[in-house]
Amino acid sequence: MSKLSNSGAEPPKVKLVTEVWGPIKSLMAARRNILEIIPEVATKQPIVSGRTGSVRWHMVMEPHAIGRILKDNLENYPKSDVTKNILKPAIGDSLFIAEGAHWRWQRRAASPVFTHRNIANLAPIMSAAADNTCARIDAAGEIVDLYEEMVRTTFDVISNVTFSGSGAMDSAEVRHAIDRYIAQTARISLFDIIGVPTWVPRPSRLFQPNALKKMKTVADIAIANRKKHGAKAVPDLLDLLLEGQDPETKRRMNMAELRDNLLTFIVAGHETTALTLSWALYLCAFDPEVQDKLRDEAQSVLQGRTATAADCATLPYTDQVIKETLRLYPPAAFISRTAQGKDVLCDRDIQRKDTVMLPVYALHRHHAIWDNPDQFDPMRFANGHKPDRYSYLPFGDGPRICIGAQFAMIEATIILATLISRFRFERIEGRDPKPVMVLTLRPEGGVPLKVSRL
Ligand code: HEM
């Protein structure tokens, strides 16, 4: 099924550990790039266990066991304590970190926000952001850092579907507050999330109280204004969240819950989508054959227009390229949980308080699951082919699956198809990005590409 893309060459990957490392060496590597502590065997074995300081951990790559963690025995595997402690000051006890009944009612109240119809109504904002990006690229020089551009593009989208037209606020001020807020959450390292002992020096301290306070104030003002003036003609994420109600308990979000969830959408949805697009554009430059095929599809469907939500169904190859990008470079490359009680995974005893990690990066390159796992080959997803359940997890799975997955896929499709129909992207020798895991899987060195208008 798989073709060997780009004459069998492989796009950049992380050099995984092949020897047994002591705790100090692992921690030093983790400081540089958390992906480097994934042992090479994690791409060949179902489970790898170890201990770092006093923390017992397991990396699980076997789909049935993953199904047990994410769905069948969900109650035993809440998000890790460290994840919660770190994110709580920024996003409160919102959808992303709440557990049990408090998570369930919020999920039910927020689900209608992300129906296909609501996303399609907001898609013109995505198309406009794609157009603005084209204008910026047009005005730029021959070499453009597409990572920087994509961060700006998805920032435009997320800020326009949350705070736009919020009355009294100066939009530059809102932009600045969101920017600082995101920069801070982005500084959280996976190092913190896995829960290595506190004596290990952290690369940076986390949130500055002032930036957090500012952001919360901005959100509070936006919510108060919207409540006062009513919804926009096309309801955006804020309006939809304001309308949200849990059909079972009839509970609605209070002011603080609305704000925390709105901020969660910004943190969870902005950089992840920018990364998907930057890696996709890099891969197109890496494999010109794929790029040509993608462009043929985009040009024949769009005929010079900007892509819209309605086009997504007729851009199957674009969808394949995005899915394959998410396989090779999953923005959330690690999912982490803390076991609440004893369990057995892949014949291994799990004890209370063990850290259970799903190294999505290793799962997506696992030799028992994928042919030529390190090769870029969008044909893996041809004809609607779906990988086996729990073997492909860019958006997680089970009840805690990403609520914004469809939003992100539509946004990425609109932006990628529009860009590729208008520009050619070429690699620059010696400037390939290196995948580095901070909180998300980022391209170190950005994604500088040579761009020409068609
Ligand atoms: C390509 C883009 C995206 C990727 C790769 C991504 C990835 C993920 C993953 C892996 C999870 C599960 C985490 C876990 O189980 O520990 C998740 C959850 C979540 N995501 Fe996304 N996400 C993306 C876009 C978005 C967008 C656009 C939004 C909102 C506008 C969003 C909002 C959320 C929320 C609220 C959760 C928590 C859901 C819950 O626990 O009920 N994400 N995301």
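Colleague: Which residues does Glu411 touch, not counting residues up to four places away in sequence?

Modeller: In this predicted model, Glu411, which lies in helix 15, touches Met126, Thr154, Val157 and Thr273 once residues up to four places away in sequence are left out; each of these pairs counts as a contact because the C-beta atoms, placed from the backbone, lie within 7 Å.

Colleague: What makes Glu411 count as buried?

Modeller: A residue is called buried if 20 or more other C-beta atoms lie within 10 Å of its own, and Glu411 has 30 such neighbours, so it counts as buried.

Colleague: Which element gives the largest share of the shell around the ligand?

Modeller: The shell holds 23 residues, with Gly269, Thr272, Gly396, Cys402 and Gly404 the closest. The elements that give two or more residues to it are helix 11 (255-286) and helix 15 (405-422), and the largest share, seven residues, comes from helix 11. By class, the shell has 13 nonpolar, seven polar and three charged residues.

Colleague: Why are strand 1 and strand 4 called edge strands?

Modeller: In the open sheet of four strands, the order is 1-2-7-4, with mixed pairing; strand 1 (47-52) and strand 4 (335-338) are its edge strands, since each pairs on one side only.

Colleague: How do you know that strand 2 and strand 7 pair?

Modeller: Two strands pair if DSSP finds at least two bridges between them, and strand 2 (residues 55-60) and strand 7 (residues 355-358) have three, in the parallel sense; in strand 7, Thr355 is the bridge partner of Trp57.

Methods
Residues numbered from 1 in each chain as written. Predicted model: local features only at pLDDT ≥ 70, side-chain atom pairs only at ≥ 80, totals over all residues. Near = placed C-beta within 6 Å. Nonpolar A, V, L, I, M, F, W, Y, C, P; charged D, E, K, R; others polar. Buried ≥ 20, exposed ≤ 12 C-beta atoms within 10 Å, placed from the backbone. Contact = placed C-beta atoms within 7 Å.
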